[in-house]
Every structure is written in C-alpha cells, then in structure tokens.
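Please open the model in your viewer and keep the selection panel at hand.

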Amino acid sequence: FTRMIRASIAADAAPALLTDGPEQVDVTGTPQSPERLKILIEQALKTYAAVQDELAHKTNYSNFHVHAAVELADGRWFSAGNQELSRELTLCAERAAIMAALESSKIEQIVRTIVVGNSGGEFKKLCAECLSWLATGKYFSPDTQVVSVARDAATGRFALKIRTLKS
C-alpha cells in the first residue's frame with residue numbers, strides 16, 4: 001500500500017491507481033505523505049458512504065446530496081450533509097460541517113482540511129458562499145486542503161482531487 005501511495009505522489013500530474021482491498025482510488029493534485037494520504041482516502045470513503053446513506057434515507061428538493069468533512073488543526077474531524085429547507089433556503093454541506101467544527105471547538109482553530117463528496121459522481125466545485133467564507137482568512141489559511149471525491153459508477157473507481165486554497 002505504501003509503495004503504491006509513493007508512486008501516486010511521484011506521479012502528481014497523472015493519477016496513479018491505489019488499491020486497498022476492493023476499493024480503487026486515483027489521486028491527483030497536491031502531493032501528500034503516505035500517512036496523510038491514507039487519512040485523506042479513509043475520510044473520502046467515509047464521506048462517500050455518508051452521501052450514499054443520505055441518498056437512500058433523506059429527500060431534498062434538488063435530489064442532489066452532498067456531504068462534507070472538516071478537519072481542524074488539532075486533528076478532530078466533523079461532518080455534515082447539505083440542508084435544504086425549501087427550494088430557496090439551503091445550507092451547503094461544506095458550511096454545515098465548518099459550522100459544526102467551529103461550534104465544537106473551545107478555541108479558535110484553523111480548518112486544516114475540507115473533504116467533499118456528492119451523489120452526482122463528479123467532482124464538485126465549492127459554491128460562491130463557501131469561497132467567500134474561505135476568503136475571510138479567519139479560520140482558513142492558504143494551506144487549507146480541499147479534497148474532492150468522485151466515483152465512476154461504471155467502473156467503481158474512486159478519484160480524489162487534492163488541492164490547497166492557494167492553488
């Protein structure tokens with residue numbers, strides 16, 4: 001597993017296949033240490049599983065389910081799904097997870113990582129509201145990582161796109 005992760009990091013421009021049991025993951029973007037990449041893959045798979053659970057058990061107006069996980073600087077993870085109270089009144093998963101993380105923290109902390117998955121099977125771009133939150137700089141740094149997860153329904157392969165806010 002570690003050898004495959006190192007190969008993926010070395011081939012930053014081209015995705016490398018990682019296998020861990022039945023799951024297959026292609027990784028592109030900002031290089032990571034093998035230990036960090038393993039954490040991000042685990043969190044991405046949990047986020048994807050949460051999207052599938054929401055898709056099966058929760059209805060919303062758009063029928064588009066998004067789930068996000070946020071890691072604070074102290075290493076704790078928090079997650080939430082998108083909330084649609086009406087067609088016009090919504091809260092994206094990223095901001096819901098950020099709010100949950102910041103609310104639970106006793107001290108102000110920087111958000112280290114945001115992992116985002118959705119029911120559409122493609123990489124989701126952050127919405128304008130999320131980008132404006134991230135631009136404030138109060139709880140985010142240029143090194144905050146944004147990890148998008150997608151799964152190809154035909155092949156079952158997962159793909160992670162890892163980048164930082166400065167990239």
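Helices and strands are DSSP runs, a helix having at least four residues, and they are numbered from the N terminus. The model is a predicted one.

Begin with serine 104, which belongs to helix α3. This residue is partly exposed, because its relative accessible area is 28%, a value between the limits of 20% for buried and 50% for exposed. Beyond residues up to four places away in sequence, serine 104 touches Arg76 and Phe78.

Next, select α3 (residues 93-104) together with helix α4 (residues 128-135); the two pack at an angle of about 40°, and 9 Å separates their axes. On the α3 side the contact involves Glu94, Arg95, Ile98 and Met99, and on the α4 side Glu129, Cys130 and Trp133. Of these residues, 4 are nonpolar, 3 are charged and none is polar.

Now display the largest nonpolar core, which has 21 residues; Val70, Val111, Ile114, Val116, Leu126 and Phe140 have the most contacts inside it. At least two residues each come from β3, β4, α3, β7 and α4, and α3 contributes the most, with 5. A second, separate core has 14 residues, among them Val25, Leu37, Leu40 and Phe158.

Finally, select helix α2, residues 34-57. Its buried residues include Leu37, Leu40, Tyr48 and Val51.

Terms used:
Residues are numbered from 1 along each chain as its sequence is written. This is a predicted model: local features need pLDDT of at least 70, side-chain atom pairs count only at pLDDT 80 or more; totals for chains, interfaces and linings use all residues. Side-chain values use heavy atoms; hydrogens and water are left out. The expected span of a helix is 1.5 Å times one less than its number of residues. Buried means under 20% relative accessible area, exposed over 50%, partly exposed in between (1.4 Å probe, protein chains only). Axes are lines fitted to C-alpha atoms, for helices over the stretch in contact, and angles run from 0 to 180 degrees between N-to-C directions. Contact means heavy atoms within 4.5 Å. Ala, Val, Leu, Ile, Met, Phe, Trp, Tyr, Cys and Pro count as nonpolar, Asp, Glu, Lys and Arg as charged, and the others, Gly among them, as polar. A nonpolar core is a set of buried Ala, Val, Leu, Ile, Met, Phe, Trp, Tyr and Cys residues joined through side-chain atoms within 4.5 Å.
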